[in-house]
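Reader: Hey, I'm new to this one. Could you walk me through it?

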Amino acid sequence: AENRTFTMIKPDAVEAGNIGAITKMIENAGFKIVSMKYTRLTKQRAGQFYAVHRERPFYEDLCDYMSSGPIVAMILEKNNAVADFRTLIGATNPAEAAEGTIRKLFATSIEANAVHGSDSDDNAKIEGSFFFSDLEQY
Ligand code: CMP
């Protein structure tokens, strides 16, 4: 069914000048951009976004990294959006990401891994609403 996922182009990929190339790959894969915002996270807001990871050893570093520069947040629509987007981006660790995936092409480390992708329909809604009002989600 036609449904939605949420993504961020992370600070490493924005800094490297890869917004256009990554967005092109997303569009070429058949995703429709529903919402798009160039913005940044404070460390506190990064901590809220990644609250599910707060007990992990990498949490503090992750929040510093995610607030280190601008990001691009997007809500995307496609058949089977969550699973297909995760296939397009590849494994969390770029060393394990398949050839041709966004992380294989653009990520520099397991932390600075170029893009985020929601892991479920429920989280896609929660994460999208973290950045976009209802009126921005048409
Ligand atoms: P993301 O898919 O946005 O979800 C959580 C993020 O935490 C992940 O991408 C990485 O940026 C980061 N992350 C996950 N695992 C590790 C790890 N083992 N070490 C450092 N950062 C990690």
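Predicted model: local features only at pLDDT ≥ 70, side-chain atom pairs only at ≥ 80, totals over all residues.

Reader: What pLDDT does the chain average?

Author: The average is 98, and 100% of the residues score at least 70. pLDDT is the predictor's confidence in each residue, from 0 to 100. The model also has an ipTM of 0.94 and a pTM of 0.97.

Reader: Back to H5, then. Which of the residues of H5 are buried?

Author: Ala-81, Val-82, Phe-85, Leu-88 and Ile-89. Buried means that 20 or more other C-beta atoms lie within 10 Å of the residue's own; 12 or fewer is exposed, in between is partly exposed, and C-beta atoms are placed from the backbone.

Reader: Where do they sit around the helix?

Author: Looking down the axis of H5, the buried residues fall within an arc of 125°, so they line one face of the helix. The arc is that of the directions from the helix axis to the C-beta atoms. Their cover includes E1, helix H2 (19-28), E3, H6, E4 and H7.

Reader: Switching topic: in what order do the strands of the sheet come?

Author: E2-E3-E1-E4, as an open sheet of four strands with antiparallel pairing. Strand E2 (32-39) and strand E4 (115-117) are the edges, each pairing on one side only. Two strands pair if DSSP finds at least two bridges between them.

Reader: How many bridges join E1 to E4?

Author: Three, with strand E1 (residues 2-9) and E4 running antiparallel. Met-8 is opposite His-116 in E4, and Ile-9 has Val-115 as its bridge partner there. On the E3 side, E1 pairs over eight bridges, also antiparallel, and Met-8 has Ala-73 as its partner in E3.

Reader: Why is E1 called largely enclosed?

Author: Because six of its eight residues are buried, E1 is largely enclosed by the rest of the structure. Helix H7 (residues 121-131) lies across E1, E2 and E3, at about 55° to E1. That angle is between N-to-C directions, on a scale from 0 to 180 degrees, with axes as lines fitted to C-alpha atoms, for helices over the stretch in contact.

Reader: You mentioned His-116. What does UniProt list it for?

Author: The unreviewed UniProt entry lists His-116 for "active site". UniProt positions are in the numbering used here, feature names are shortened, and annotations may be inferred rather than shown by experiment.

Reader: Is His-116 buried or exposed?

Author: Buried, with 22 other C-beta atoms within 10 Å. Beyond its neighbours within four places in sequence, His-116 is in contact (C-beta atoms, placed from the backbone, within 7 Å) with Thr-7, Met-8 and Lys-10.

Reader: And which residues does the record give for "binding site"?

Author: In the unreviewed UniProt entry they are Lys-10, Phe-58, Arg-86, Thr-92, Arg-103 and Asn-113. Phe-58 counts as exposed, with 12 C-beta neighbours inside 10 Å, whereas Arg-103 is buried, with 24.

Definitions and conventions
Residues numbered from 1 in each chain as written. Helix = DSSP H or I, 4+ residues; strand = E, 2+ residues; numbered from the N terminus. Contact = placed C-beta atoms within 7 Å.
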